[in-house]
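Dear colleague,

My findings follow directly after them.

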Amino acid sequence: MNYNVPQWLIITGGLGQIFTALIYPYIRHRVFDWYTDVKQLRPLNQEIAKTYGRYIQGLNFSFGLIALLLPMELQNGTALAVALSGLIAAYWVGKVATQIAYYPMYEIPKKMLFKIGSYFMNALFTLFALVYTWLLILNLSLYINL
């Protein structure tokens, strides 16, 4: 029986991750007015917050690029495939868990576009978590049977 993750699903996940990286500045600026809040921090803390924002954006873009360029290598059962799929799975599972645990306490602006957007983004995050967890399980099973 074939338990491989379909290549189209990995590529779809990759495109979605690149999308999240590209839309991230819009969400920070237009939805959350993030820069207004960051300006209230001391200068060093402002730079730290901006740096972490760029890390998130860079990771999302990089994970997406890896999925687009190396979809078969992400599920070939090598030690590197286990490590990389495990890293990306942990990243997205952690994001979804954080989203569930903490974000409901906060309000998203009431505009319909933002409300629909939040459902869409949460669906994407869940997709990423599921795809990479599936890849991790597949890679672990292949690696252990090597």
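Leaving aside neighbours within four places in sequence, Gln57 is in contact with Ala21, Tyr24, Pro25 and Arg28, where contact means heavy atoms within 4.5 Å. Gln57 lies in helix 3; helices (H or I, at least four residues) are DSSP runs, numbered from the N terminus. With a relative accessibility of 22%, Gln57 counts as partly exposed; buried means under 20% relative accessible area, exposed over 50% and partly exposed in between, with a 1.4 Å probe and protein chains only. Gln57 and Ile23 are separated by 34 residues in sequence and by 9.1 Å in space, C-alpha to C-alpha.

As to provenance, this is a predicted model, in which local features need pLDDT of at least 70 and side-chain atom pairs count only at pLDDT 80 or more, while totals for chains, interfaces and linings use all residues. Residues are numbered from 1 along each chain as its sequence is written, and side-chain values use heavy atoms, with hydrogens and water left out.

Two further residues of helix 3 may be of interest. Gln46 is found in helix 3, which covers residues 43–69, and counts as buried because its relative accessibility is 17%. Not counting residues up to four places away in sequence, Gln46 touches Val38, Lys39 and Leu41. Phe61 is also found in helix 3 and is partly exposed, with a relative accessible area of 34%.

The largest nonpolar core has 21 residues; such a core is a set of buried Ala, Val, Leu, Ile, Met, Phe, Trp, Tyr and Cys residues joined through side-chain atoms within 4.5 Å. Those with the most contacts inside this core are Val5, Ile10, Leu74, Trp92, Phe125, Tyr132 and Leu135. The elements giving two or more residues to this core are helix 1 (7–31), helix 3, helix 4 (79–101) and helix 5 (112–144). Helix 5 gives the most, with nine residues. Beyond its neighbours within four places in sequence, Ile10 is in contact with Val5, Ala67, Pro71, Leu74, Gln75 and Leu135.

Finally, in helix 4 the buried residues include Ala81, Val82, Ile88, Trp92 and Val96. Helix 1, helix 3 and helix 5 are among the elements that cover the buried residues of helix 4. The 23 residues of helix 4 should span 33 Å at 1.5 Å a residue, and its end C-alpha atoms are 32 Å apart, which agrees; the expected span is 1.5 Å times one less than the number of residues.

Yours sincerely
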